[in-house]
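Reader: I have a model open and want to learn to read it. Can we go through it feature by feature?

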Amino acid sequence: MGSVLVSLKIAVLFVSVVVLSLSFVNGDIPTTLDGPFKPVTVPLDKSFRGHAIDLPDTDPRVQRTFDGWQPEQISVSLSTDHDSVWISWVTGEFQIGDDIKPLDPKTVGSVVRYGVSKFALTHRAMGHSLVYNQLYPFQGLQNYTSGIIHHVRLPGLKPNTLYYYQCGDPSIPAMSDVYSFRTMPVSGPRSYPTRIGVVGDLGLTYNTTSTIDHMMSNHPDLILLVGDASYANLYLTNGTGADCYSCSFPDSPIHETYQPRWDYWGRYMQPVVSKVPIMMIEGNHEIEEQVEKQTFAAYNARFAFPSEESRSSSTFYYSFNAGGIHFVMLGGYTNYNKLGDQYRWLEKDLAKVDREVTPWLVATWHPPWYSTYTAHYREAECMRVEMEELLYKYGVDIVFNGHVHAYERSNRVYNYSLDPCGPVHITVGDGGNREKMAITHADEPGNCPEPSKTPDKFMGGFCAFNFTSGPAAGKFCWDRQPDYSAYRESSFGHGILEVKNETHALWTWYRNQDAYGTTGDIIYIVRQPDRCPVEPEIFT
């Protein structure tokens, strides 16, 4: 009799938990199944500081605090699966001026000791190191050479396990303090990171520090940085900066940068990214042209990417798994045409995704396709024309973008039409950088840009023609907030993605001006695999 009562109690408890869980999922928080939603624009809070001020080089958080070869700017990033991560760091000091001599990467070893006990780092891995230069072919501009940048891949890791590590060169000795990170869960339909922080266009301002503080209060297991990190290219090589480079320095013979801002950014971010993996994709502020039209030198050197592991030939696009989520990180500033390497790689990568193992498919790149702000309006239209059909075919669930310095979430959309099987596009370019916040909308009177001025200057091309159907047929802009735009607001902030199971993911956007834990926008994004089936092709 006692065993029957125990069984009944367990059964009642189980049913209660299930009911509680379902009521939480389908309670007061809206879901995409309730949509499409009537477009909402939150009025601009004019009391909120829409400009931002960069941290000066005298701020203790960006200064070098030691001499010699001690590791600094330490960070963790993921490989393609849970069983491997990358540890990156810098040793030695950068040089800037007329007479610079690059450091020899062979001077210092690239070693990581790691293990599951802080007091027994029994495993050892070695990697590679490099330096990069930012050189200008014009008299009076200062050249830059970096410290020695190290990247080491740690293999053979267990899923969802806390590891401790030290990096540096034990032969000098010059080893870091002991840090820790947690690996991703094993890939599976019921296995997910608890929280994923999503942020874009960070910069290094006092608003940036508010964004990071707010995000870390939500305890993310992983951070997606959707482009534009340091904003070093808002500066001349002599360290003079401006909110608008082209406005302040119109006569500059080349778009200069002040590369030490990258080192300041790495030092500021170390307390965060030395323990929480960060995955970065390039933005327009990473272009950084230099001698012989070289570009993206800092981006390519400073971050570790799982390109080789995901069979990509480029740091501009790659993929990885985080539990039951497959992420594709795409390049908006490299060839995205259907005959190009990126498109062919993407076709093969998407075809290999097993939705029984990784039900969720999330795509990320920098310039948005579905932003309704005047800034960068339809700037990436050529990329959309080339790639949108492929992403739709394989059932991408969510798209994260930056670039526009505001927040916007779309209804499910495909080819500018409401579509229950289209992805939800989310723009989070509101990380806090010193450029102006985006506040005007292309659908407001007088704010629709001239079509010929919309294409991205770096990529070129023109694909943004007038709409041919729907309420905006024959026009370049809508005359009201478009139906595909569900929610938009001009505020600095960050987002948190919490995938709950195979079909439900909670998306929450937090504004910097709010108290910790207060939500600005919240919704359950719900997958409908039965309604929107995916039949992958097999590429050999």
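This is a predicted model: local features need pLDDT of at least 70, side-chain atom pairs count only at pLDDT 80 or more; totals for chains, interfaces and linings use all residues.

Reader: Where is the kink in α4?

Author: At Arg 267. The bend there is about 30°, and it comes shortly before the proline Pro 271.

Reader: How many of the residues of α4 are buried?

Author: Buried means under 20% relative accessible area. In α4, 13 of the 14 residues are buried, and the helix is mostly covered.

Reader: Now α7. How many residues does α7 have, and what span does it reach?

Author: Helix α7 runs over residues 381-393 and has 13 residues. From first C-alpha to last it reaches 18 Å, close to the expected 18 Å. There is a kink here too, of about 45°, centred on Met 387.

Reader: How do I describe a pair of helices?

Author: Two packed helices are described by the angle between their axes and the distance between the axes. Take α6 and α7. Their axes come within 11 Å and cross at roughly 5°. An angle under 35 degrees counts as roughly parallel. The two helices are therefore roughly parallel to each other.

Reader: Which residues make the contact?

Author: From α6, they are Gln 342, Tyr 343, Leu 346, Glu 347 and Leu 350. From α7, they are Glu 386, Met 387, Leu 390 and Leu 391. By class, this contact has 6 nonpolar, 1 polar and 2 charged residues.

Reader: At what angle do α2 and α4 cross?

Author: At roughly 5°, with the axes coming within 11 Å. Helix α2 covers residues 206-217. These helices are therefore roughly parallel to each other. Thr 208, Thr 209, Ile 212 and Met 216 of α2 meet Tyr 268, Met 269 and Val 272 of α4. The classes are 5 nonpolar, 2 polar and no charged residues.

Reader: What should I look for in the backbone?

Author: Most residues other than glycine have a negative phi, and most peptide bonds are trans. Look for the exceptions. The bond from Gly 35 to Pro 36 is cis, with omega near 5°. Pro 36 sits in the loop between α1 (2-25) and β1 (40-41). The bond from Ile 172 to Pro 173 is also cis, with omega near -5°. Pro 173 belongs to the loop between β11 (162-169) and β12 (174-175).

Reader: And phi? Is Tyr 231 buried or exposed?

Author: Phi of Tyr 231 is near 55°, a positive value in a residue other than glycine. Its loop joins β15 (222-225) and α3 (245-248). Tyr 231 has a relative accessible area of 2%, so it is buried. Asn 415 also has a positive phi, near 55°. That residue is in the loop between β22 and β23 (417-418). At 43% relative accessibility, Asn 415 is partly exposed.

Reader: How do I read a single residue's surroundings?

Author: Pro 306 is in the loop between α5 (297-302) and β17 (318-322). Its relative accessible area is 0%, so Pro 306 is buried. Neighbours within four places in sequence aside, Pro 306 contacts Leu 78, Ser 79, Thr 80, Met 279, Tyr 318 and Ser 319.

Reader: Which residues does Thr 41 contact?

Author: His 441, Gln 481 and Arg 488, leaving aside neighbours within four places in sequence. Thr 41 lies in strand β1 and is partly exposed, at 31%. Met 175 is 134 residues from Thr 41 along the chain, and their C-alpha atoms are separated by 51 Å.

Definitions and conventions. Residues are numbered from 1 along each chain as its sequence is written. Side-chain values use heavy atoms; hydrogens and water are left out. Helices (H or I, at least four residues) and strands (E, at least two) are DSSP runs, numbered from the N terminus. The expected span of a helix is 1.5 Å times one less than its number of residues. The bend at a residue is the angle between axes fitted to the seven residues ending there and the seven starting there. Axes are lines fitted to C-alpha atoms, for helices over the stretch in contact, and angles run from 0 to 180 degrees between N-to-C directions. Angles under 35 degrees count as roughly parallel, over 145 as roughly antiparallel, 65 to 115 as roughly perpendicular and the rest as oblique. Contact means heavy atoms within 4.5 Å. Ala, Val, Leu, Ile, Met, Phe, Trp, Tyr, Cys and Pro count as nonpolar, Asp, Glu, Lys and Arg as charged, and the others, Gly among them, as polar. Buried means under 20% relative accessible area, exposed over 50%, partly exposed in between (1.4 Å probe, protein chains only).
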